Amino acid sequence: MRPELVELTNRARELFDDLDLKAVRAWKEAAPGRKAVGHMPIYVPRELIHAAGMLPVGIVGGGDRLEIIRGDAFFQSYICHIPRSTIELALSHRLDALDGMLFPSICDVIRNLSGMWTMLFPDRYVRYVDVPQNYERAVGGVYWRRELEILREDLGRLAGHTVSDADLSRSIAVYNENRAAIRALYEARSRQPWFYPTSEVFLFLRAGNLLPPEEHTAMLRQYLKLAPLEADRCEQDQSRVVLVGMFCEQPPLGLLLTLERAGCWVVDDDLLLGLRWITCDTPTEGDPLQNLVEAYLNHSAVTASRYLPDGDHGRGLVDSVRQNRAEGVIFCAPSFCDPALLEQPMLVRALEREGIPHTQFKYSEDTGQFAVIREQAGTFSDSIRLWSEA
Amino acid sequence: MSSEPRKDASSQDQAQKERSMLLQKQMIGAHYDALATAHEDGRKVVYTFVPGNLTELMRAFDVLPVLPEINALQSGMRKLSGDYIAEAEKQGHSEDVCTYVKCDIGMLKKGNIGPTGKKLPPPDLLLLSYTGCFTFMKWFELLRQEYNCPVAMLHVPYQSDGQIHEHHRDYILDQLRTEVIPKLEQVTGRRYDEDRLREMMRLSAQAEDDLVWVLESAKNVPSPIDAYFGGVYYIGPMFTAFRGTEAGVEYYRTLRQEIEERLRQGLGPVTPDGSLGTERYRLVIEGPPNWTSFREFWKMFYEEGAVVVASSYTKVGGLYDRGFRHDPARPLESLADYCLGCYTNLGLPTRVGLLEQYIRDYRADGFMINSVKSCNSFSVGQLLMLRQLEERTGVPGGFIESDLVDPRYFSAANIKNRIESYLQMLQQKRAVRVQA
């Protein structure tokens with residue numbers, strides 16, 4: 001690997017391992033009065049935090065690198081892992097750099113976690129971000145605009161100054177750039193997945209949880225430039241698969257490595273979906289708040305936590321399979337994840353209508369044993385390469 | 001602990017023949033009979049959920065409501081849910097998700113036979129009142145694929161701070177006017193009749209007054225009711241298909257008269273073994289009951305003389321005891337407020353505050369949390385709620401785990417052991433206080 005890519009990857013890995021938010025503390029200490037606001041998956045309008053001059057920080061639990069000492073005492077055994085590791089991070093003071101926390105509406109777990117946060121950390125700003133499930137401009141749009149107005153006022157108070165339209169338009173432009181870079185990375189991986197292994201792509205995506213978006217965009221562009229220069233990265237006889245179900249609690253890195261070693265090239269996924277929730281550029285002219293509203297209503301990613309008025313579940317997944325020339329789908333959801341697991345039978349039905357092969361297993365962010373997954377994924381990969389009609 | 005049944009045997013026959021019980025049985029029977037022939041009779045059927053149900057609005061269009069949660073709990077009580085859940089899991093539904101959903105889907109796959117043994121009609125409309133529970137949304141998305149019928153989506157914003165905000169109410173009103181009412185009009189071929197809705201709300205408010213009186217009768221010592229195990233029967237008509245009906249008004253008037261009589265006679269709550277004789281413990285309970293072993297679960301309490309004087313589960317279909325009433329003067333607005341104020345649509349700090357108030361107002365000796373695997377809406381945060389309540393009230397809490405309708409998650413010996421140990425601890429604390 002070229003030294004530049006080694007250095008870049010090491011930096012991404014360092015951020016991936018940064019459970020203490022050292023990078024956030026460093027950013028805050030670099031200038032007086034800086035503040036940071038955390039948010040859980042999937043979608044929050046990070047443009048608003050950025051426009052207030054604060055650092056948006058994506059929190060996705062502790063993964064497999066955190067010993068849970070106190071977190072388990074807050075959750076029953078049948079609840080997914082991300083809330084317990086997130087509480088653990090907070091109670092062990094690893095999240096002290098955060099001046100506020102946003103909890104978007106994904107499911108009842110993250111929703112109730114917002115109430116727990118309010119009770120456990122009464123001196124910090126907490127808001128439940130209840131995105132609309134009605135996508136009519138005059139209905140859900142009016143409601144969402146009011147929610148964003150309140151959030152803008154709150155964040156302005158936290159930052160100590162009002163968030164102007166000009167600030168917000170500038171931040172929208174910054175995030176357009178960031179999402180464009182992520183889209184470019186996904187498109188490049190889909191074309192030549194051997195240059196951009198998902199275990200590596202994941203590290204670079206995760207960096208976006210901690211870095212200012214401008215730095216993250218630069219990092220992604222650099223990676224896009226460097227990765228194809230690696231001479232030993234060449235096309236192999238691997239299966240092209242789409243991963244589904246990882247939009248909230250993230251898999252351990254070892255799981256993604258295992259899939260690759262089992263013969264799968266991941267050509268699309270829903271990892272860290274919030275980073276690319278808005279699927280095209282948001283206008284930077286006109287009323288910026290309304291632009292955010294319209295972007296949410298008309299250009300949101302399709303996922304299990306969103307209501308689909310037309311009921312066409314699976315259309316987005318089938319489209320992804322076709323567009324990315326995938327040969328199969330791996331449902332890979334966290335244990336006890338209501339949205340992903342309740343959605344799965346509907347997606348399976350859509351795939352079976354189209355004759356698209358699929359397999360499924362579950363994980364927890366701290367899963368440490370991958371032998372069974374490797375065997376299952378390997379068998380799946382072999383079967384679609386050997387027996388697929390495509 | 002004492003195994004002596006604490007009941008008043010002389011009133012056993014009376015307990016089994018309470019007029020309100022017979023009335024409720026007749027009402028439910030008639031409702032399921034009407035459902036069985038609904039389509040032959042030219043009536044439309046709407047499936048919807050208990051929290052945030054728009055019964056008066058549906059009744060104003062003369063449609064018959066079906067509540068899949070109620071079907072699921074009935075299946076649990078009739079020991080059918082295990083097979084239904086197995087059927088759904090066989091069809092690819094995860095073992096990790098809500099068993100109400102799987103029970104409902106399994107029931108559908110096995111013929112959709114309702115609690116009275118008659119086939120339930122398919123829905124003409126799925127009224128997805130997305131109130132306080134994320135799973136509701138996925139549930140009806142799944143049913144939509146099975147029934148291929150229209151869906152009216154009503155997104156009710158969460159009250160994280162426990163307050164009703166004007167733009168939240170407006171959002172619901174907009175959805176009622178642009179989504180729910182037009183779809184009801186389309187399905188039924190009828191025009192929205194607000195005067196009819198107002199009249200139904202007038203009836204609802206009457207029944208609600210009597211329900212609140214009944215629930216608050218538990219402030220008496222001894223309590224004439226059990227506000228959890230008995231309470232689930234008392235809320236039945238109010239939370240399902242009978243708000244806004246004369247039958248509902250009559251049921252609650254009758255129930256109130258019976259409880260007034262029990263108070264006059266100094267009788268304890270009705271149990272399956274007759275009236276409870278001696279009230280030894282007054283408890284508040286958070287969380288839904290287990291349905292697959294409901295009577296066995298109840299018996300674990302009444303055998304020890306434990307009476308539940310207030311519960312959160314009896315508020316999932318509306319917080320009437322906090323003052324809310326359906327208001328004929330502002331019908332749609334009060335439907336919006338009703339949806340917003342249902343218990344599981346309230347943030348955890350508000351829920352803790354409510355339970356704290358119950359513990360004080362109802363002079364409870366203790367509180368228990370029955371944490372059910374199926375319901376993250378209730379369950380996530382309950383361990384913190386337990387600590388907060390103990391700190392705020394000084395009253396010790398107990399914690400048990402079960403499920404709604406999955407019989408695999410009801411461990412009778414374990415639960416009985418926990419309840420007995422908890423009550424022993426309350427007794428011990430009481431003895432220490434007396435000595436002091």
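1. Let's start with a pair of strands in chain A. Strand β7 (residues 328–334) and β8 of chain A run in the parallel sense and are joined over six bridges. Strands here are DSSP runs of E with at least two residues, helices are runs of H or I with at least four, and both are numbered from the N terminus. Two strands count as paired if DSSP finds at least two bridges between them. As an example to look for, F331(A) has Q360(A) in β8(A) as its bridge partner.

2. A note on what you are looking at: this is a predicted model, where local features need pLDDT of at least 70 and side-chain atom pairs count only at pLDDT 80 or more, while totals for chains, interfaces and linings use all residues. Residues are numbered from 1 along each chain as its sequence is written, and chains are lettered from A and ligands numbered from 1 in the order in which they are written.

3. Now widen the view to the sheet. In chain A, four strands form an open, parallel sheet with the order β6-β5-β7-β8. Its edges are β6 (264–268) and β8 (358–363) of chain A, each pairing on one side only.

4. How many helices and strands does chain A have? The secondary structure of chain A comes to 14 helices and eight strands. Chain A is as compact as a globular protein of 390 residues, because its radius of gyration (taken over C-alpha atoms) is 20 Å, close to the 21 Å from the globule rule (2.2 Å times the number of residues to the power 0.38).

5. Chain A is divided into domain 1 (27–165) and domain 2 (169–194 + 235–387), with bounds from an automatic or database domain assignment. The centres of these two domains of chain A, taken over C-alpha atoms, are separated by 23 Å. Their contact takes 33 residues from domain 1 and 35 residues from domain 2 of chain A; two residues are in contact if their C-beta atoms, placed from the backbone, lie within 7 Å. On the domain 1 side, α6(A) gives the most, with eight residues.

6. Finally, look at where the chains meet. Chain A brings 43 residues to the contact and chain B brings 40 residues. Helices α5 (108–120), α6 (137–159) and α13 (338–354) of chain A each supply at least two residues of the side that touches chain B. That side of chain A has 24 nonpolar, 11 polar and eight charged residues. Here Ala, Val, Leu, Ile, Met, Phe, Trp, Tyr, Cys and Pro count as nonpolar, Asp, Glu, Lys and Arg as charged, and the others, Gly among them, as polar.
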